[in-house]
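Thank you all for coming; I would like to take a few minutes to walk through one structure with you. Please keep the picture in view while I talk.

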Amino acid sequence: MNAQRPLVAVYPGSFDPVTRGHEDIARRCLRLADQVVVAVAHTATQKKATLFDVDDRVTMIGEVFADEPRIICTSFQGLLVDFCRSRGAQLVIRGLRAVSDFEYEFQMAQMNQELSDDLETVFLTPDVNYSFISASLVREVARLGGDVSAFVSPPVLRRLRTAFQETP
Ligand code: ADP
């Protein structure tokens, strides 16, 4: 490791919306990297209809990590490896919740390794209290009027409430 060069980790995903599980992974990543770039993908890797547009997702992530200057958020288009190169990142961070995440994550990590040999994918596991949370389940529960306050931070909760008040 070069002591002069900050270690930059990119944490990519859809973050529709950012949950406490994502938050936990990004904060854990600060133990490994000097800076974490939470990167909202314009094009989802798995085809999904999104609830929030990319700008709203970036804004929410900025609000959630307002207390932590080493975590920044932006969006990206195109290949993750190209974005990582443009940011001088050496690490890609992904979260692993359960075996069900593994196959897709493993394939993607291997593909990214083929595309760029200077990037390493690092998998982190969340606190056990967050391992069952997924953004899609949070959206679904919120849509049906359930209480998701334990699964997302207050800025996200506010936006979810607004989104589902406006869309009956
Ligand atoms: P994608 O849309 O690329 O599948 P997501 O935005 O859903 O990604 O999540 C981004 C990353 O965060 C993925 O690696 C995913 O496995 C991980 N992740 C999502 N929810 C959690 C959670 N509750 N705990 C740990 N990791 C998570």
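Before anything else, please remember that what you see is a predicted model. I will start with helix H4, which covers residues 99-115, and which has 17 residues and reaches 25 Å from its first C-alpha to its last, close to the 24 Å expected at 1.5 Å a residue. If you follow H4 along its length, you will come to Glu105, where the helix bends by about 25 degrees.

Which residues of H4 are buried? They are Asp101, Glu105, Met108, Ala109 and Asn112, so Glu105 is both the place of the bend and one of the buried residues. An α-helix has 3.6 residues a turn, so residues three or four places apart point the same way. As for what covers the buried residues of H4, the list includes helix H3 (80-87), strand E4 (91-95) and strand E5 (120-124).

Let me now turn to helix H1, which spans residues 20-29 and contains His22. His22 counts as buried because its relative accessibility is 18%, which falls under the 20% cut-off. Its side chain reaches the backbone nitrogen of Thr19 at 3.0 Å, and, if we leave aside neighbours within four places in sequence, His22 is in contact with Tyr11, Phe15, Pro17 and Ala135.

Glu23 also lies in helix H1, and with a relative accessible area of 12% Glu23 is buried. Not counting residues up to four places away in sequence, Glu23 touches Val64, Phe65 and Ser153.

Notes
Residues are numbered from 1 along each chain as its sequence is written. This is a predicted model: local features need pLDDT of at least 70, side-chain atom pairs count only at pLDDT 80 or more; totals for chains, interfaces and linings use all residues. Side-chain values use heavy atoms; hydrogens and water are left out. Helices (H or I, at least four residues) and strands (E, at least two) are DSSP runs, numbered from the N terminus. Buried means under 20% relative accessible area, exposed over 50%, partly exposed in between (1.4 Å probe, protein chains only). A polar contact is a pair of N or O atoms within 3.5 Å; within protein, one must be able to donate a hydrogen and the other to accept it, and residues adjacent in sequence count only if both atoms are side-chain atoms. Contact means heavy atoms within 4.5 Å. The expected span of a helix is 1.5 Å times one less than its number of residues. The bend at a residue is the angle between axes fitted to the seven residues ending there and the seven starting there.
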